Amino acid sequence: TIVDIVVDNISISINHGAEFTNKQEVLLYLSYPDRMTEMRISNNGINWSKWTRARSLKKWKLTKGRGEKSVYVQFKDKSQEYEPVSDTIIFKKTRGG
């Protein structure tokens, strides 16, 4: 996307802000304050992965099917969970790929 969402200096960018992808597996580029200790990820903002150690780069699998896909990330520190942020990308599966 052109504009990444930033909340409390937390941001997510799918494939460096690409508008399209032809692969179901993408790279998430994550930016967050040093105080963040854990993160979790979701394709719909409802069903989340388990909390894991916060990191700035993460491989992630989009949901199946063509079209616009969203990925959400939520961080927490020792005292609170922060509002999730998201990014979108359009999945255009090509023949043979």
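Guide: Happy to! One term before we start: a contact, or touch, means heavy atoms within 4.5 Å. With that in mind, Ile-41 touches Leu-28, Asn-47, Trp-48, Ser-49, Lys-58, Trp-60, Val-71, Tyr-72 and Val-73, leaving aside residues up to four places away in sequence. This is a predicted model, so local features need pLDDT of at least 70 and side-chain atom pairs count only at pLDDT 80 or more, while totals for chains, interfaces and linings use all residues. Residues are numbered from 1 along each chain as its sequence is written, and side-chain values use heavy atoms, with hydrogens and water left out.

Visitor: Thanks! How many helices and strands does the protein have?

Guide: It has zero helices and nine strands. Both are DSSP runs numbered from the N terminus: helices are H or I with at least four residues, and strands are E with at least two. Along the sequence the pattern reads β-β-β-β-β-β-β-β-β.

Visitor: What order do the strands take in the open sheet?

Guide: Five strands make up an open sheet in the order E3-E9-E8-E5-E6, with mixed pairing. Two strands count as paired if DSSP finds at least two bridges between them.

Visitor: And which are the edge strands?

Guide: Those are E3 (20-21) and E6 (52-53), each pairing on one side only. E3 runs parallel to E9 (residues 85-91), and two bridges join them. Phe-20 stands opposite Ile-90 of E9.

Visitor: Changing topic: what share of the residues is buried?

Guide: Of the 97 residues, 32% count as buried. Buried means under 20% relative accessible area, exposed means over 50%, and partly exposed is in between (1.4 Å probe, protein chains only).

Visitor: Which residues have the most contacts inside the largest nonpolar core?

Guide: They are Ile-12, Leu-28, Leu-30, Ile-41, Val-71, Val-73 and Phe-75, in a core of 19 residues. E2, E4 (25-31), E5 (38-42), E8 (67-76) and E9 each supply at least two residues of this core. By nonpolar core I mean a set of buried Ala, Val, Leu, Ile, Met, Phe, Trp, Tyr and Cys residues joined through side-chain atoms within 4.5 Å. In soluble globular proteins, nonpolar side chains tend to be buried together.

Visitor: How many salt bridges are there?

Guide: The structure holds two. The term needs a side-chain nitrogen of Lys or Arg within 4 Å of a carboxyl oxygen of Asp or Glu. Arg-35 pairs with Asp-77, and their closest N and O atoms are 3.4 Å apart. Arg-35 is in the loop between E4 and E5 and Asp-77 in the loop between E8 and E9, so this pair ties together parts 42 residues apart in sequence.

Visitor: And what about the Lys-76 and Glu-38 pair, where do those two lie?

Guide: Their side chains meet in a salt bridge at 3.9 Å, N to O. Lys-76 lies in strand E8 and Glu-38 in strand E5, so the pair ties together parts that are 38 residues apart in sequence. Lys-76 counts as buried at 18% relative accessibility, whereas Glu-38 is partly exposed at 26%.

Visitor: Is His-16 buried or exposed?

Guide: His-16 is exposed, with a relative accessible area of 62%, while Asn-15 counts as partly exposed at 23%.
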